[in-house]
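Student: I have a new structure to read. Can you walk me through its features, one at a time?

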Amino acid sequence: MQSIMSIIKLKNISHWYSDNRVLDNLNLEIEKNKITYILGSSGSGKTTILRLIAGLEVPDKGEIYIQNIKVSETNKIIVTPDKRQLGYIFQDLALWPHLTVYENISFSLKNMNKSEIEGEVKGILSLFGLDDYLQKFPHQLSGGQQQMVAIARALALKPKILLMDEPLASLDVKSKRKILDYIVSIKEKYDLTIVYVTHDHREAFAIADNIVVINEGKIQESGTAEKIKNSTNDFVKYFIEW
Amino acid sequence: MNRTVLLFLLFIIMFAFSCEQNTNSIVVYTTVDQVFSEPVLKEFEKETGIKVKAVYDTEETKSTGILNRLIAEKDNPQCDVFWSGDPLRTAVLKNKNILYSYTSKAAEGIDMVFKDKDNYWTGFSARARVLIYNKDLLKDDDVPQSIFDLTDKKYKAKVAIANPLFGTTTFHFAALFSVIGDERAKLFLDSLKANDIVIASSNGDVKRRVVKGEVYCGLTDTDDANEAIKESANIGVVFLDQKGIGSLIMPNTVSLIKKAKVSDNAKKLFDYLLSEDTEIALAKSCAQMPLHKGVKLPKGVLSLDNIKPMNIDYNKTAGKLENIQGYLKAWVEDK
Amino acid sequence: MLYTIVLLPVLFLLVLPVLNIVVLTFFDSNLSESIASMSTDLFMLLLKSLAISGIVAFISTFIGIVLGFSLYKSDIKYRNVFRLLILIPLFISPYILAVAWKDISVLIFDIDTSLFKKTYSFIGMILVHSTIYSPLSILIIGSALSNISKQMEESALLIGGFKDMFFKILLPLIRPSIITSFVLILIFSISEFSVPAFLGIRVFTTEIFTQFSAFYNHNLAMLQSLLLIFICVFLLVSERKRISNSVFLSIGTRGKEVKLYSSRKIVIFSYIILSFTIVFTVFVPLSILVYQSFRTGTSKFMEALSLLLPTISDSTLLAILGSIISVFIGFVAAYYSEVLNKKLMNLMLLILFAIPSTIFGIALIKFYNNSILNFIYSSFGILIIGYVGKYSFISTKLIGNSIKQIPKSLEEAAVIQGIGFFKRIRKIIVPLVLPSIFASFIINFLFCFGDLGISIMVYPPGTEIMPIKVFTIMANAPESLTSSMALIVFLVTILLISLLFFIFKKIIAKYNVNY
Ligand SMILES: Nc1ncnc2c1ncn2[C@@H]1O[C@H](COP(=O)(O)OP(=O)(O)O)[C@@H](O)[C@H]1O
Ligand SMILES: [Mg+2]
C-alpha cells in the first residue's frame, strides 16, 4: 500500500493492560475514503486499536499518524482526541441518558447562534429519519434509532474519520441492513474514512473496501474481501468458516 | 439564577468569617450550667457595659470541652476568666500553669478555707454533696444518715453514684480519702462495690434514676437535688454525716487566665462574681450557699451555718486526687 | 489543576493541623511512658468494641437491605413520605434516643437483677446504634438498588423465581454498597461515644474519653486514637480492595428504568415492615418526647422554643455552608479517585473522618489559635473547617460509588467531541450523579447540624449554635424542658429536610435526571 493513500498509520504499536499484552508490534494503515473493517474474535484487541487511534489510550510503544501528522508516540499523546477530527461510535453508544436527542446532538456545537444550531441539528436528524424524536430521551427510542442518534451525533462535527465499535451487534438483520446502507451513503456524502470493528465477517464481506483480520494482537491477513476469502492463513480460514 | 446562587454563597461566606471586633469585651469559659451562669453574666453586661463572650460546657459531659480547650489554648489563651463549678478542675489548670494569681478586694469577706493559698483561684457560692432518696421507696427510718450506711445489705443494688472518675464525685471521693485515710477509704469503696452500687453516667443521671424509682437513693449535688424536688414531690434530701465527718462543701471558683496582659475588664468580672449580689442571685436560682458571712438569704436556701462541713484542705484534696485516680479507674472498670 | 486547587486547602487547612499534633505527640518527653501504659487490656477492649460495632453494622446493613428493597423496589404508595420518615432516627440525638428507650424498657420489663442489667446494656447499645445507623444503610443500599436496570432482573425472573433473582442477581449486584454500608456503620458505631457512656459500657471510645476528661492526658489519648484511626483506615482500604474486585453495575447508557415489584405479597410485606420500623424507631420515641414535653403543660415547650429560636438561623447557615463545601470537596476527591485514579485526597479525608472529634478539635485549636490565623479561630470559620474535615469523607464515599457506575464512554464521547473539562463535569457527570450528590448533601447537613463533638471544642466565645445550647441547657433542666428541646430540634430538622427535598425535586426536574 502506498502511504500517500493512507489517512491513518499505526507503526510498531504495542500495548499492555497491566501485564496483559493486547497489541504486539502492530503495523496498520487505513486507506482514505474507504470503509475498513477490523475483524477479530472478542478480546482480540479491536476496541483497543480504535481507542489508540482516537487518542483515548496512550500507546505503550510505537507511533500513530493521522493525515501524516504524528498524533501519538510511545507513552505520549501529541494531538488530543478532540483535535483529531474524528467521530467515535462506542460499543455501548454512550448516548447521554439525561439529554434529549436534540441536546445529545447539539451538545458539542460551538461558535454558532441558536438558530444555526437548530438548523444544523434538524438537518442531520432528518437525514437519519429522526425528525419526530427531537425531544425524546435515548431510552424512549428503539435500538436502531439509538444507533442512528449515535451516528448522527458523531457526524455533527463533520469529522474526516468515523470510528465504529460494533455498534450494530445487537440489531436484527433488517435494521442492520438499513443502517449499513446509510453508512455507505453517508460515507459518500461526507467524504468519510470509516474504520469499523466487528466479529461478524458476513457484515464485513457485504460492505468493506478493506478487511483486516487480527488475532491475539497481531494482524493475520489484510486486503479486499476477495483476498480474505481466499486466505491461506489458518486462523482466517477457521474464523470465516463460522 | 446563577447570580442569586453566587450572591447567596458570598453572603454565607461573609457570615462565616465575620467576627465581631469589640474591644470592650471579655471572654469567659464556664463549666457552670448555662441556665444558672448566663443570667449572672448578662447582669454584669448590663451593669458595666462590657460585652461578655461566653463558652459554656456542662458537668454532664465532664466539661471535656472547656478544660481541654483551656489546656490546648495555653500558648495563646483566648479566655480571660474561668468560672468553675468546683475547685477540682481549677486545680488541674493551676498545675498546668495556666492560671494567673490575683487577690481581689471583693474576696475579703470569704473564709481563707475557700481560697487557693497562692491565690490562683477564689471560691464563692457553694454547693454541697447530699443524698437524695425516693420517698415512695424508703421509709423515714430507713433513710441513710451516713455515707457509710450505704454499704448496708438493705440498700444492695439500690444506691446510685455518678462515675467517680469525673466531676464532683471525684472530688467527693478525694475528700473522703483525705479525711478518713487511704486504707479506710479503700475498704469502704470495696464494700460499696460488694453491695452492687449502681454507677450512673452523671449526677443528672443519678437524679433521674432516683426520681424514676430505679434506685432508692443516690449521692448528688445540691443543685441537682433542688431540680429533683422541683420535678417530683416524692424526693427527700439528706445532708449526710452531720454527726460524723460532715458534708462536703464545694465552692464555685473563679480564676484569671495567665496572659501577656490581664485586662482590667477581666478583673472587674472577677470581682463581680465574688460579690454578695452574685451569691444572692445564685442562691435564688440554684440554691447555692453564699460564702460571704451574713448575706440575706432567700427563703428555703440553706446557710452554711446550718451544716456541719467536712473538714478538708481544698488545696491538698486536689493534690490527693492525682494519687487516687488510677485506683478509682480500676475500681470503676472492675465493676 | 482543579485537583490541586482543592487538594492544597485540604492539606493545609485540614491535614496539617492533625499532622502537627501527631508530631507533637511523638516528640513529647513522656512518649515511652504513654506507650508503656497501653496494656493488653486495651487491645481486649478494642476487640470488644469491634465485636459490638460489628454486630451493629451487621444488623443495620441487614435492615438496610430489607427496607431498602421495600422502599426503592416495591410498588408502594406515598414512597416519598416513607423515605423521609425512615430517615428520622438519623437526626434524633443518640443520647436522647438512648434515654427514651431506657425509660420504655424500665417501664415494660422492670429490669432488676444486675446480671440482666449488664446484658441489657449491651443489647441496649446495639439496639440504639442499629436504630440510628440503619437509615444510612437504607440510603446507600436503596440508591444502589434503584440503579439496577430492569432487564437484569427481568431476565432472571424468567429463568428462576423471585427468590433466585433476589439472592443470585440482586444481592451480588449491590454487593459493593452492602460492603460500604457495613464498613461505614462499623466506623460510625465504634467512634460513637454518648450511648455506651450513658449505658455504662466500657468501650474503646469511652476509654479515650476518660484519658481526656479525667486524666487530661492528651498524649495517651492521642496514641489510643491512632490505634482507632489505624483500624478504620485498614477497614476502609480493605473495603476498597473488595469493591474494586467486584462487578460494578452501571447506569444504563441506553436509559434507565427501575423495576418496581407490584405483587401483592411484596407490597403488603413492604407496608408492614416499613410501618413497623417507623412505629418502632420514630413513633415510639417521639411519643415519649411529646408526652414528657407536655405532661406539665405547654410552658416548658414555650421556654425551650424561646431558648432555641435565636440559634436556628446561625446553625442552619453553618450546616448548609459546611455541607456545600463537603459535597464539593467530596465530589472532586471522588471524581479524581474514580476516574483519574488519584487517591491521595481520598485517603486524607478518610483519615480525618476516623479521628475522634475531641482529638480533631484539639488539633484545630493548636493549629489555628495564634495571632496569624486568629481571624479564622475566632469566627464561625473554625466550625466550618471542623465540619468539612470531619464529614467530607461521607460525600466522597457516596458520590464515588455513583461515579463508579457511570460508564467511561459517556465522558470519552464528550472528550472526542471537544467538550472541555468543566463543561463535561457540569453537564454530564454532575447531572448523572445528582441523586447521590443530594443524598450526601442531606447526610452531611444532618451531621453538621447535629455536631457536638467538634463544636464544643471550638465554637467561638459568645456565639450560640443549636446542639451546644441544647446540650448545655439539658444538663440541669427538668425532663420536660429537655424533651421539649429535643422535640424542637427534631421539628426544625424535619422542616429543613423537607425544604431541601423540595428544592432538590425542582433541581432534579430541571436536569431531567429521572430519565
Ligand atoms: N481497561 C482495560 N483494563 C484491563 N484490561 C483491558 C481493558 N480493556 C481491555 N482489556 C483487555 O484487553 C483485551 C482486548 O480488549 P479489547 O480491545 O476490548 O478487545 P475486543 O474489542 O477485540 O473485544 C481483552 O482481553 C480485555 O480483557
Ligand atoms: Mg470490543
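Tutor: We will take the chains, then the ligand, then the cysteines, then the backbone. Keep in mind that this is a predicted model.

Student: Which chains share the most contacts?

Tutor: Two pairs of chains are in contact, and chains B and C share the most contacts. Chain A and chain B do not touch. Their nearest C-alpha atoms are 20 Å apart.

Student: Now the ligand. Which residues surround ligand 1?

Tutor: Look at chain A. The shell includes Tyr17(A), Asn20(A) and Val22(A). Ser41(A), Ser42(A), Gly43(A), Ser44(A), Gly45(A), Lys46(A), Thr47(A) and Thr48(A) also surround ligand 1. By class, two residues of the shell are nonpolar, eight are polar and one is charged.

Student: Which element gives the most to that shell?

Tutor: α1(A) does, with three residues. Both β2 (20-31) and α1 (46-54) of chain A supply at least two residues each.

Student: How do I read polar contacts to ligand 1?

Tutor: Look for pairs of N or O atoms within 3.5 Å. A polar side-chain atom of Thr48(A) lies 2.5 Å from an oxygen atom of ligand 1. For Lys46(A), a polar backbone atom is 2.9 Å from a ligand oxygen. For Ser44(A), a backbone N or O atom lies 3.2 Å from an oxygen atom of the ligand. Taken alone, ligand 1 exposes 560 Å², and the protein buries 58% of that.

Student: How many disulfides are there over all chains?

Tutor: A disulfide needs two cysteine sulfur atoms within 2.5 Å. The count over all chains is zero. Take Cys232(C): the nearest cysteine sulfur is that of Cys448(C), 19 Å away. Cys448(C) is likewise in no disulfide, and its nearest cysteine sulfur is that of Cys232(C).

Student: Is Cys232(C) buried or exposed?

Tutor: Buried means under 20% relative accessible area. Cys232(C) has 2% relative accessibility, so Cys232(C) counts as buried. Cys448(C), at 1%, is buried too.

Student: Last, the backbone. What should I look for in phi?

Tutor: Most residues other than glycine have a negative phi. Look for exceptions. Asn111(A) is not a glycine, yet has a positive phi of about 55°. Ala287(B) also has a positive phi of about 55° and is not a glycine.

Student: Where does Asn111(A) lie, and where is Ala287(B) found?

Tutor: Asn111(A) lies in the loop between α2 (101-106) and α3 (114-127) of chain A. Ala287(B) is in the loop between α10 (276-286) and α11 (314-333) of chain B. Asn111(A) is exposed, at 82% relative accessible area, whereas Ala287(B) is buried, at 18%.

Technical notes
Residues are numbered from 1 along each chain as its sequence is written. Chains are lettered from A and ligands numbered from 1 in the order in which they are written. This is a predicted model: local features need pLDDT of at least 70, side-chain atom pairs count only at pLDDT 80 or more; totals for chains, interfaces and linings use all residues. Side-chain values use heavy atoms; hydrogens and water are left out. Contact means heavy atoms within 4.5 Å. A residue is near a molecule or strand if one of its heavy atoms lies within 4 Å of it. A polar contact is a pair of N or O atoms within 3.5 Å; within protein, one must be able to donate a hydrogen and the other to accept it, and residues adjacent in sequence count only if both atoms are side-chain atoms. Accessible areas come from the Shrake-Rupley method with a 1.4 Å probe; for residues, only the protein chains shown count as cover. Helices (H or I, at least four residues) and strands (E, at least two) are DSSP runs, numbered from the N terminus. Ala, Val, Leu, Ile, Met, Phe, Trp, Tyr, Cys and Pro count as nonpolar, Asp, Glu, Lys and Arg as charged, and the others, Gly among them, as polar. Buried means under 20% relative accessible area, exposed over 50%, partly exposed in between (1.4 Å probe, protein chains only).
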